[in-house]
Amino acid sequence: MTSFILRNASPAKTKVDAVVVGVVAQDSGVDLAPGGEEVAKAYGRKLRPLLSSLSLKGSLGETTRIPTAGTINAPVLVLVGLGTAPSTADLRRAAGAAARAVPNAASVAVALPTPGAAEVRAVTEGWLLGGYRFTTYQRDTASDASGPGEVVVLSAGARKQEVVTALEEAQVVAAAVAGCRDWVNTPPGDLTPPLFADVVVAAAAPLTKGRGKKLTLTVHDEVSLAELGCGGILGVGQGSEAPPRLVEISYAPKGLPEDAPHLALVGKGITFDSGGLSIKPAASMHEMKSDMAGAAAVVQATLAIARLDLPVRVSTFVPMAENMLSGAATRPGDVLRMYGGTTVEIFNTDAEGRLVLGDALVRATEVEPDLIVDVATLTGHMVVALGTQVAGVMGSEEVVSQVLAASESAGEACWPMPIPEEMKQRITSSKIADLAQHDWVRWGGGLFAGAFLREFTAGRPWAHVDIAGPSFASGGPSGHLTAGGTGFAVATLVDLARSLGD
Ligand code: BES
Ligand code: MN
Ligand code: ZN
């Protein structure tokens with residue numbers, strides 16, 4: 001466990017194993033970033049030749065370690081590139097890269113440009129997330145570096161209450177993001193719907209029991225789902241040996257005014273997506289263990305919102321199913337009767353997310369929330385449109401802009417997408433059911449999916465966040481992101497709840 005402390009002190013005088021300072025790129029070459037002044041002073045005229053001999057570019061996330069040989073109090077100086085004019089999102093990335101540069105230091109002081117709450121938050125989150133590792137399935141990691149015991153964040157605002165709060169809240173958010181990554185990274189055989197539901201119950205336990213009780217949680221098993229008539233969740237799950245689940249969590253803090261905002265969250269929890277009978281190609285199928293990233297994000301966000309005691313009501317709905325093929329699996333041509341009675345004709349069993357979400361969205365409308373946000377690894381179309389770093393957001397104009405504003409302060413990239421008029425006709429093109437789940441027209445498939453989900457929102461203010469791209473990093477670590485699950489959307493959802501409570 002890493003503990004964080006705030007201090008308004010000189011990085012040159014702080015006694016730690018390593019000091020981190022920023023390097024900014026300028027026309028005239030590189031220079032130390034604000035926060036590093038005392039270090040620059042200690043090096044004096046030796047600094048320029050040193051920086052130039054290291055041939056630093058100052059590009060974002062570039063790291064170099066140098067022994068200080070007594071020039072400052074710490075034996076190691078870590079230089080991390082910040083680019084030219086670093087934003088808070090850049091600080092988050094740079095801090096993440098710096099964390100990976102000194103995995104074995106017992107104590108570190110971070111002297112980056114962190115004058116206020118937003119910067120301290122970004123650096124704290126970035127540090128914790130960049131140093132994230134998933135070692136459950138690896139041998140010989142017990143004695144391995146698990147990050148420094150102590151990180152001293154140096155800030156001129158160290159005594160301000162808002163900065164102190166930012167440091168604390170950042171640790172809560174980072175823990176939730178890390179929890180989300182853990183679940184996404186867990187092999188799908190170890191996280192079937194019943195096991196996933198158990199893991200959620202266990203994670204929520206400190207908040208659902210005893211004196212710390214802030215949440216109520218219900219797990220609907222396959223029997224209860226059948227009684228409710230959740231045909232979407234049951235239909236998708238029926239090809240798997242592991243039965244589906246629907247987890248519902250509610251957070252309603254005591255003493256909250258009657259008219260406090262009520263947010264409903266819905267997350268896609270496909271614990272593995274083989275595509276079903278419309279089977280996926282083999283090459284990328286293993287990454288479909290991440291098809292529950294939306295579910296993981298909404299659960300972890302809900303837990304974080306409760307830990308932070310944010311003054312909002314939250315109702316969270318998490319449909320969990322495994323999309324498999326077997327003699328019992330749903331066939332193309334089958335019709336499912338969704339929760340609430342809408343019938344849906346299946347054309348492609350690989351478009352399963354919208355089916356489990358349909359049931360859960362209708363459940364969400366029943367608690368009469370002020371707004372609904374669903375988060376889902378829904379379509380490859382969104383990855384084609386926006387790449388692997390940016391999520392697509394569609395739905396009611398106001399909720400879309402609220403989500404975009406929250407994603408901005410959380411440092412997660414989201415972009416608005418439309419639901420064109422033509423989609424209405426396409427989703428109602430089934431000759432035998434109320435809705436067509438898919439129509440084999442390739443164009444605009446991500447928007448078709450959005451239009452389909454909208455049918456289950458009863459006209460309530462709603463936004464759909466398609467995280468198929470940014471929820472999982474296939475390559476290596478970069479900035480505060482590490483390989484595998486990224487925890488995308490957790491921070492945005494917490495910031496959304498925070499902004500509603502303001
Ligand atoms: N889980 C996938 C979407 C996905 C693709 C997530 C790539 C992450 C990375 C989803 O269930 C799916 O298979 N969608 C289909 C929809 C199509 C059949 C309309 C797709 O995107 O091809
Ligand atoms: Mn699929
Ligand atoms: Zn899927």
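Student: Is E352 buried or exposed?

Tutor: E352 is buried, with a relative accessible area of 1%. Buried means under 20% relative accessible area, exposed means over 50%, and partly exposed is in between (1.4 Å probe, protein chains only). Before we go on: this is a predicted model, where local features need pLDDT of at least 70, side-chain atom pairs count only at pLDDT 80 or more, and totals for chains, interfaces and linings use all residues. Residues are numbered from 1 along each chain as its sequence is written, chains are lettered from A and ligands numbered from 1 in the order in which they are written, and side-chain values use heavy atoms, with hydrogens and water left out.

Student: Thanks! Which residue forms a salt bridge with E352?

Tutor: That is K268, and the closest N and O atoms of the pair are 3.0 Å apart. K268 lies in the loop between β10 (262–267) and β11, while E352 lies in the loop between β14 and α10, so the pair ties together parts that are 84 residues apart in sequence. K268 also counts as buried, because its relative accessibility is 1%. A salt bridge here is a side-chain nitrogen of Lys or Arg within 4 Å of a carboxyl oxygen of Asp or Glu. Helices (H or I, at least four residues) and strands (E, at least two) are DSSP runs, numbered from the N terminus.

Student: How many salt bridges does that rule give?

Tutor: The count comes to 20. One of them joins the side chains of E222 and R245 at 2.7 Å, N to O. E222 sits in helix α7 (residues 222–228) and R245 in strand β9, so this pair links distant parts of the chain, 23 residues apart. E222 is partly exposed at 30% relative accessible area, whereas R245 counts as buried at 14%.

Student: Which residues are linked in a network of salt bridges?

Tutor: R92, R121, E125, E169, D495 and R498 are linked that way.

Student: New topic, helices. Where does α6 bend?

Tutor: Helix α6 (residues 193–208) bends by about 30 degrees at A202, and the proline P206 follows within four residues. The bend is the angle between axes fitted to the seven residues ending at a residue and the seven starting there. Buried residues of α6 include F196, V200 and L207. The buried residues of this helix pack against several elements, among them α5 (161–185), β8 (215–220) and α9 (293–307). Contact means heavy atoms within 4.5 Å.

Student: And how many residues of α10 are buried?

Tutor: 13 of its 14 residues are buried, so α10 is mostly covered. Helix α10 (residues 353–366) reaches 20 Å from its first C-alpha to its last, close to the 20 Å expected at 1.5 Å a residue. That expected span is 1.5 Å times one less than the number of residues. Just after α10, E368 takes a positive phi of about 50 degrees.

Student: What about the surface: which residues form a nonpolar patch?

Tutor: L277, I279 and L325 do, with about 250 Å² of accessible area together. Patches are made of residues with over 30% relative accessible area and no salt bridge; like charges are joined within 9 Å and nonpolar side chains (Val, Leu, Ile, Met, Phe, Trp, Tyr) within 5 Å. Accessible areas come from the Shrake-Rupley method with a 1.4 Å probe, and for residues only the protein chains shown count as cover. L325 counts as partly exposed, at 37% relative accessibility.

Student: How far apart are T349 and L325?

Tutor: They are 24 residues apart in sequence and 9.4 Å apart in space, C-alpha to C-alpha. T349 counts as buried because its relative accessibility is 7%.
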